[in-house]
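Visitor: Could we go through this model together? I would like to begin with the backbone and then move on to other topics.

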Amino acid sequence: MSKDISSLSHSAIKTVLISASLLALLASSGCATSSLLDDNRVTTTSSVKSILSQDQIIAFGRPAMTLPQMPMATMVIVGNKNSYVLSQGGTEMIKLLTNLTAKNIQVENDMSFNVPNSDGYFQGQMKLSYAKLKDEFDRSDYQFFLQNGGTECSSASDMRINAQRFCFTVPVKGAIYPQVSNISMIQSKYRPLSKPYTVTFYGQSEQTRTTSGGTSTAGKLVLLPFALAFDVVTLPIQILDSL
């Protein structure tokens, strides 16, 4: 009986040692494989922002006639290459640009818009600020700010000269059209801007790359298949001359 127990114990110990050796070998092999992957095949996924199109701004205006595919179009940003028709936010922008004194308006953002599907439809925000000396404001100014979402945003520089600033943020959506038909007339009407103003359209996508190779490629903007050139009626003020 004692001999059987001894034999069984010896067999069990042998089995344990063999199992331990196999596990150590597998672990070692696994670490080597993991290390190889870590060194040469690291895969990362990130949100990549790529510029699809850029253009120089000439003027703001309205479509001269209703656009078939954009019946709600209210405002056009006229560019050298394309026309940017606002279907949302245009009414608000026109109200601000035509009711506030042009020389006191500043565009606060870089006029950069997202084109989520690279299909010609864009969205983003227009940010304007309006500033002048405090003693130049009257009650109707404050009433206009209150009714149109203006928020007090005076900077330290404003306060040092006893000025006051109000900021407006207008969410916008729209579509990219070809260059307006009456571009030559508009270019002759407005003098070149002292400061070039650029509108940028970008796309964002989840892209995967490895440390051993591939860099992301810039996207390309696909224009709307139904978009046709049209005439535009410019707004009564050339806002960008004052910026």
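Visitor: Where does Asn-162 lie?
Guide: Asn-162 lies in the loop between α4 and β8. Please bear in mind that the model is a predicted one.

Visitor: What is the phi of Asn-162?
Guide: The phi of Asn-162 is positive, at about 60 degrees, although the residue is not a glycine. Most residues other than glycine have a negative phi.

Visitor: What is the handedness of the link between Cys-153 and Cys-167?
Guide: The link is right-handed, with 90 degrees about the S-S bond.

Visitor: How accessible are the two cysteines, Cys-153 and Cys-167?
Guide: Cys-153 has a relative accessibility of 24% and therefore counts as partly exposed. Cys-167 is at 21%, so Cys-167 counts as partly exposed as well. The cut-off for buried is under 20%.

Visitor: Now the strands. Which way do β6 and β8 pair?
Guide: Strand β6 (residues 121–133) and strand β8 (residues 163–178) pair in the antiparallel sense, over 13 bridges. Leu-128 has Phe-168 as its bridge partner in β8.

Visitor: Which residue is the partner of Val-107 in β6?
Guide: The bridge partner of Val-107 in β6 is Leu-128. Strand β4 (residues 105–107) and strand β6 run antiparallel and are joined by three bridges.

Visitor: What about β3: how many of its residues are buried?
Guide: Five of the seven residues in strand β3 (residues 82–88) are buried, and the strand is mostly covered. Strand β3 also pairs with β8 in the antiparallel sense, over six bridges, and Asn-82 has Pro-178 as its bridge partner in β8.

Visitor: What joins β2 to β3?
Guide: A hairpin joins them through two residues. Strand β2 (residues 75–79) runs antiparallel to β3, with four bridges between them. Val-76 stands opposite Val-85 in β3.

Visitor: A change of topic. How many salt bridges does the count come to?
Guide: The count comes to two salt bridges. Lys-132 forms one with Asp-141, where the closest N and O atoms are 3.5 Å apart. Arg-165 and Asp-158 form a salt bridge through their side chains, at 2.9 Å from N to O.

Visitor: Are Lys-132 and Asp-141 buried or exposed? And what of Arg-165 and Asp-158?
Guide: Lys-132 and Asp-141 are both buried. Arg-165 is buried too, and so is Asp-158.

Visitor: Which residue is 6.0 Å from Leu-235, C-alpha to C-alpha?
Guide: That residue is Phe-60, which is 175 residues from Leu-235 in sequence. Phe-60 is found in strand β1 (residues 43–63). Its relative accessible area is 2%, so Phe-60 is buried.

Visitor: How many helices and strands does the chain have overall?
Guide: The secondary structure comes to five helices and 10 strands. Buried residues make up 36% of the 243 residues. Among contacts with a separation of 6 or more, 76% are between residues 24 or more positions apart.

Visitor: Finally, what is the average pLDDT?
Guide: The average pLDDT is 77, and 68% of the residues score at least 70.

Notes
Residues numbered from 1 in each chain as written. Predicted model: local features only at pLDDT ≥ 70, side-chain atom pairs only at ≥ 80, totals over all residues. Heavy atoms only, no water. Buried < 20%, exposed > 50% of the residue type's maximum accessible area, 1.4 Å probe, protein only. Pairing = 2+ DSSP bridges. Disulfide = S-S within 2.5 Å. Contact = heavy atoms within 4.5 Å. Salt bridge = Lys/Arg side-chain N within 4 Å of Asp/Glu carboxyl O. pLDDT = per-residue confidence, 0-100.
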